[in-house]
Every structure is written in structure tokens, then in C-alpha cells.
Amino acid sequence: MAHPYDLSREQLAELLSSEPNYRVEQVWRALWNEDRLISEITTLPGALRRRLAEELPSALSVKNDVQSDRGMTRKWVFELSDGATVETVLMAYDDRVTVCISTQAGCAMGCTFCATGQAGFTRQLSVGEVVEQVVFAARAAAPRRLSNVVFMGMGEPLANYAVTVATVKALHEHRGLSARHLTVSTVGVAPAIERLAKEGLALTLAVSLHAANDVTRSELIPLNRRYPLERLRIACEDWIATTSRRLSFEWALIDGVNDTERAAGELARYALPLRAHVNLIPLNPTPGYLVMGSPRERVREFKESLEELGVNVTVRNTRGRSIDAACGQLASVTNAKRRPVTLRR
Ligand code: SAH
Ligand code: SF4
């Protein structure tokens, strides 16, 4: 069943073919520029509104709604029409409002330290299901304007490639979000990065690196066995050459695993030739991974080591930990089988 944001303008026109032409623009504007639910488009005749609401039901229904950071972080668990669940996180900062969206219910990549990966894969989301997360968050953010969208919720965006690209295009073209303010985070699906580079989108790409030697990275990220660091480097070089856009690396600091001087050296050697920006974040605790995030002091030292080596680095602050809304903590999949994972150190 189609949802409001699944439809192109042409498909909407088809649905409204028995109505006067101007209705198409009216509904389209209400959905894409005014963030209205169909039931709220009160300028439509009641019968038409009811027919549209029935034929294009909302994709998301709120199952849970929690806040933290004194209301500056808010997480929703949404139930989809088939009962699958996904999570969306809204984060308000002084200078911007960011929503973190999911592209899949669950994730098949199985990264050991990630709650979504521990829970396994349920299904792909549709464009309508992904876009509606953004619109829902924008409504909640009002009167502040939603400025940034990060594809860092549940799922691997490049494993739902067509939907991710269509969502980026729709948010940019129909909703007027600057592509520069859209960040797609990937675990490192090398051929998909190369394909994405050719799409001509000025978006920001974040690669979840977490380790710059293959032994450690393969333990953390099973996909590294398929696309090891040398293969990933080729894709990163291709991204930069094709798009002229900066690349960033995400690095979750894990106590004793990837927060050592040696790890900093490996990271610098990998990141410097690519002139990548590194975002450090202390690992968020998840039920299935028994290793801790690095202590604050170690985070500072690791950052300083990288700076001494000439790497451009930022420490990201953790939002929403107390409501399981922080990076990698999203795991609303209710039928999840959680297995404890241990890591060789
Ligand atoms: N699948 C994509 C995007 C979703 S995950 C990816 O892996 O990039 C979003 C980010 O959260 C990634 O950088 C991921 O590595 C990170 N992450 C996952 N689990 C985490 C945890 N427990 N603590 C901190 N970051 C985590
Ligand atoms: Fe999937 Fe990203 Fe989690 Fe890995 S870190 S399991 S790719 S959501």
C-alpha cells in the first residue's frame, strides 16, 4: 500500500485525475512544504480528504515517544503497517536541528558493537516510510526549522540503495533541504559508494571505519571480510575524485580495542591521504557487546594523538543515551534474538 510520500507528483496527479488540476499542487505543497497530514489539509473538500486519507494512509504510527537531554533529544519508536518497528531520533542544538533516520527495520550487517546489528534484519523500508520520518520530526521541531538529516538510524543505507538515493533526491528537490546538510553513513559497501559518487548529489558521506587494520575491523564489522580496507580505500578515493566532497570517518572508541596509540597511528595513515575528517564518539553500551566505551581521559588523549599526527578530528557528544537513542543503540525490533558477543582483544 502506498503512503503519502511514496508518490511522485505524476502519481499524485493520477490519483487526483477526477479533480480540478489545481488540487495536485495544493496537496503536493501541503505534504512537502507545509508538513501537513492529509487529514489536516482543511482546504480540501471533506469527501476528497477522506478518500485521500484512506488511499494514502500515514506510514508511521507512534508506539513510543521519549525525551532526554532536557527535551533536546527525542526518540520515537514507530510501528509500520505490517507491524515492523523503526526508530527516529530528533536532536536540537543551538545552531541546527538534526533528525537521525532509519532506512531498514533492523540490519543484516551484524556489526558486533551495534544494537541494531545484534537484533538482525527485518525488512527494507520504502521511500514513503523513510521520508515520513523526516516530516514527522520536522513537525515536532516546529517552530524551529529542521536543518539536517543524517542517515544514521537503523539499517545500512547503501544496502537499501535505491530508496536511500530516492529519499535524498526527494528531500532536496521537493523539500528544499540542502544536500550538504544530508549525511549518509555507511559501514563501507565499497561498490555502492562508487555508484553513489556518480549520482551527482552534493551530500556528505560518512564511512564507519572504527579500525584501520583488517584483523580488528573484521572482528567489529563482518562486511570488512568482503570489502577490506584496501578495497574501501579505493572506493573512498573514487568518492573524493568524483564528487570533490569531503569524506568523514566515524570512529567509536572502544576501551582497549581501537583507542590505543597504535590505533591512532593506523587511523592517521589511513585518513591523511584521503584528507578525511574523523569523528570520534565513545562507544555507547549495548546489551550484546560486553566491551566498554573508552573513558573520557582516553578519548581526549586519542584526539590529541590524532591532532599531533595532522588529522582533522572532532569529538561528537553523545545524545540520548538514557533513552537508548544514541548512535548504535537503536534496536526496537521486538522479536530480536539478542546473543552476547565477546571480542578477542
Ligand atoms: N549502517 C550505517 C548507518 C547506521 S549506524 C553505518 O554503520 O554507518 C550509525 C553509526 O552508529 C555508525 O557510525 C555506527 O558505526 C555507529 N554505531 C553503531 N553502534 C554503536 C555504538 N554502540 N556506539 C557508538 N556508535 C555506534
Ligand atoms: Fe548495521 Fe550500521 Fe549497525 Fe553495522 S553499525 S549493524 S551497518 S546499523
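How many residues does helix H9 have, and how far does it reach from its first C-alpha to its last? In this predicted model, H9 runs over residues 229-243, which gives 15 residues and a reach of 21 Å. That is close to the 21 Å expected at 1.5 Å a residue.

Some residues of H9 are buried: Leu 229, Leu 232, Arg 233, Ala 235, Cys 236, Trp 239 and Thr 243.

Helix H5 takes up residues 127-141. It has 15 residues and spans 21 Å between its first and last C-alpha, close to the expected 21 Å at 1.5 Å a residue. H5 is mostly covered, with twelve of its 15 residues buried. Among them are Val 127, Gly 128, Glu 129 and Val 130 towards one end, and Ala 137, Ala 138 and Ala 141 towards the other.

The loop between H5 and strand S7 (148-151) holds Pro 143. The peptide bond leading from Ala 142 to Pro 143 is cis, and its omega is near 10 degrees.

Leu 44 is found between helix H2 (22-32) and helix H3 (46-55). Is Leu 44 buried or exposed? Its relative accessible area is 3%, so Leu 44 is buried. Leu 44 and Gln 26 are 18 residues apart in sequence, while their C-alpha atoms are 8.5 Å apart in space.

Asp 35 also lies in the loop between H2 and H3. Its phi is near 55 degrees, a positive value in a residue other than glycine. Asp 35 counts as buried because its relative accessibility is 14%, and the cut-off for buried is under 20%.

Arg 70 has a positive phi too, of about 50 degrees, although it is not a glycine. Its place is the loop between strand S1 (61-68) and strand S2 (73-79). Arg 70 has a relative accessible area of 85%, so it is exposed.

The last stop is a ligand. Where does ligand 2 sit? Ligand 2 is in the largest cavity. Around ligand 2 are Cys 107, Met 109, Gly 110, Cys 111, Cys 114, Gly 117, Gly 155, Glu 156 and Val 187. Sorted by class, this shell has five nonpolar residues, three polar residues and one charged residue.

How values were computed
Residues numbered from 1 in each chain as written. Chains lettered and ligands numbered in written order. Predicted model: local features only at pLDDT ≥ 70, side-chain atom pairs only at ≥ 80, totals over all residues. Heavy atoms only, no water. Near = heavy atom within 4 Å. 1 Å grid on protein atoms, 1.4 Å probe; cavity = no way out; pocket = protein on both sides within 12 Å on 5 of 7 lines; lining within 4 Å. Sits in = over half its atoms within 2 Å of the grid points. Nonpolar A, V, L, I, M, F, W, Y, C, P; charged D, E, K, R; others polar. Helix = DSSP H or I, 4+ residues; strand = E, 2+ residues; numbered from the N terminus. Expected span 1.5 Å × (residues − 1). Buried < 20%, exposed > 50% of the residue type's maximum accessible area, 1.4 Å probe, protein only.
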